[in-house]
Amino acid sequence: MNRHTSIKICAAAAAKDDLRGEEVAVLIILNNNSDNYDTAVNIVSWALNEMAYYKVPGLIKFVTELPLTATQKVRRGDLKKIVENMKNNNEGKIIYVSSRSGIEGFENESAYCASKHGLEGLMTVSYTHLR
């Protein structure tokens, strides 16, 4: 994640997730102050191309500082507390990536289209649940 041009530094932690058990959460300090939805989408799109799918963050929070020890290592316990507070206070950004295949079917791609359609349904229900 630190190779992305907009990211100055970041730290990842596992966040509890009712559906999957855990989700990747990332706290990010940006090089500039463009902490908006478009920046988050850009970072996730980049991660999908550069990283294994299971490492791509599902939760992003832009911060101005990370919890560090005296030796400049991330305090993991504090990081998990921040992520939990983020979820409890409805902060941060939740992003999912699907494809056109979830909306319309394609010949010889039935399994792929069905999985993407399932993702569309899951996100629709999650959006209703999390609002």
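Serine 126 sits in helix α3, which covers residues 110-130; helices here are DSSP runs of H or I with at least four residues, strands are runs of E with at least two, and both are numbered from the N terminus. With a relative accessibility of 14%, serine 126 counts as buried, where buried means under 20% relative accessible area, exposed means over 50%, and partly exposed lies in between (1.4 Å probe, protein chains only). Serine 126 and leucine 19 are separated by 107 residues in sequence, yet their C-alpha atoms are 9.5 Å apart in space. The model is a predicted one, in which local features need pLDDT of at least 70 and side-chain atom pairs count only at pLDDT 80 or more, while totals for chains, interfaces and linings use all residues. Residues are numbered from 1 along each chain as its sequence is written, and side-chain values use heavy atoms, with hydrogens and water left out.

The protein contains three helices and four strands, which follow the order β-β-α-β-α-β-α from the N terminus on. Its C-alpha trace spans about 55 × 30 × 25 Å along the principal axes. Of the 131 residues, 34% count as buried. Contacts (heavy atoms within 4.5 Å) were also sorted by sequence separation: among those between residues at least 6 apart, 57% join residues at least 24 apart. The accessible surface, from the Shrake-Rupley method with a 1.4 Å probe and, for residues, with only the protein chains shown as cover, comes to about 8800 Å², and carbon and sulfur atoms account for 50% of that area. As for charge, there are 16 positive and 15 negative side chains, and the centres of the two sets lie 8 Å apart. In this count Lys and Arg are positive and Asp and Glu negative, with His and the chain ends not counted; each charge is placed at NZ of Lys, CZ of Arg, CG of Asp or CD of Glu.

Thr39, Ala40, Ile43, Val44, Trp46 and Ala47 are buried in α1. Seen down the helix axis, these buried residues fall within an arc of 160°, so they line one face of α1; the arc is that of the directions from the axis to the C-beta atoms. An α-helix has 3.6 residues a turn, so residues three or four places apart point the same way. Asp38 and Asn49, on the other side of α1, are exposed.

Threonine 39 has a relative accessibility of 9%. Leaving aside residues up to four places away in sequence, threonine 39 touches Leu30, Ser34 and Phe62. Leu30 is also touched by serine 6, along with Ile29 and Asn31, under the exclusion of residues up to four places away. Serine 6 belongs to the segment before β1 (7-17) and is buried, at 17% relative accessible area.

Glutamine 72, in the loop between β3 (59-62) and α2 (76-88), has a positive phi of about 65° although it is not a glycine. Glutamine 72 is exposed, at 56% relative accessibility. Asparagine 108, in the loop between β4 (93-94) and α3, likewise has a positive phi, near 65°, in a residue other than glycine, and is exposed with a relative accessible area of 72%.
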